[in-house]
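Here are my notes on this model, point by point. Please keep the sequence and the structure open while you read.

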Amino acid sequence: MIDDNWRPRRTIGTFTRRSETGILIETYHDGYQVNEAGAFIWSMVGGEHSVADITAQLAGRYELDAGYAHTVLVDFLTELRDRGFISKD
């Protein structure tokens with residue numbers, strides 16, 4: 001479970017590069033293309049912002065209900081964590 005106080009960090013060996021439709025998050029063994037909203041979330045992943053902070057920013061930027069923004073964020077962070085792009089350290 002992802003806690004609202006967690007400050008997700010990128011794992012060592014994770015790289016980001018631009019693609020035609022967004023950004024590509026990759027390691028030496030996996031790649032994951034994300035859209036504009038995913039790129040926005042990814043820009044806030046670095047240990048400075050908590051899940052609660054990112055939820056508020058996401059809801060404000062895309063004019064989303066806070067509960068929906070939280071659900072989208074948790075699903076996205078879970079995917080990133082499962083792929084090894086972020087850690088819970």
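1. Tyr-62 has 25% relative accessibility, so Tyr-62 counts as partly exposed. The scale is this: buried means under 20% relative accessible area, exposed means over 50%, and partly exposed is in between (1.4 Å probe, protein chains only). Phe-40, at 13%, therefore counts as buried.

2. A word on the source. This is a predicted model: local features need pLDDT of at least 70, side-chain atom pairs count only at pLDDT 80 or more, and totals for chains, interfaces and linings use all residues. Residues are numbered from 1 along each chain as its sequence is written, and side-chain values use heavy atoms, leaving out hydrogens and water.

3. How many aromatic pairs does a search of the whole structure find? It finds three. Rings of Phe, Tyr and Trp (its six-membered ring) pair if their centres lie within 6.5 Å; planes under 30 degrees apart count as stacked, over 60 as edge-to-face and the rest as tilted. Phe-15 sits in strand β2 and Tyr-28 in the loop between β3 and β4, so the pair ties together parts 13 residues apart in sequence. Tyr-28 counts as exposed because its relative accessibility is 75%.

4. Back to Phe-40 and Tyr-62. Their ring centres are 6.0 Å apart with planes at 80°, so this pair is edge-to-face. Phe-40 belongs to helix α1 (residues 36–43) and Tyr-62 to helix α2 (residues 51–62), so parts 22 residues apart in sequence are tied together. Helices (H or I, at least four residues) and strands (E, at least two) are DSSP runs, numbered from the N terminus.

5. Now the sheet. Three strands form an open sheet in the order β2-β3-β4, with antiparallel pairing. Two strands pair if DSSP finds at least two bridges between them. The edge strands, β2 (15–18) and β4 (31–34), each pair on one side only. Strand β3 (residues 23–26) is joined to β4 by four bridges. In β4, Gly-31 is the bridge partner of Glu-26.

6. Last, the core. The largest nonpolar core has 23 residues, and Ile-25, Trp-42 and Leu-77 are among those with the most contacts inside it. Such a core is a set of buried Ala, Val, Leu, Ile, Met, Phe, Trp, Tyr and Cys residues joined through side-chain atoms within 4.5 Å. Its largest share, six residues, comes from α3.
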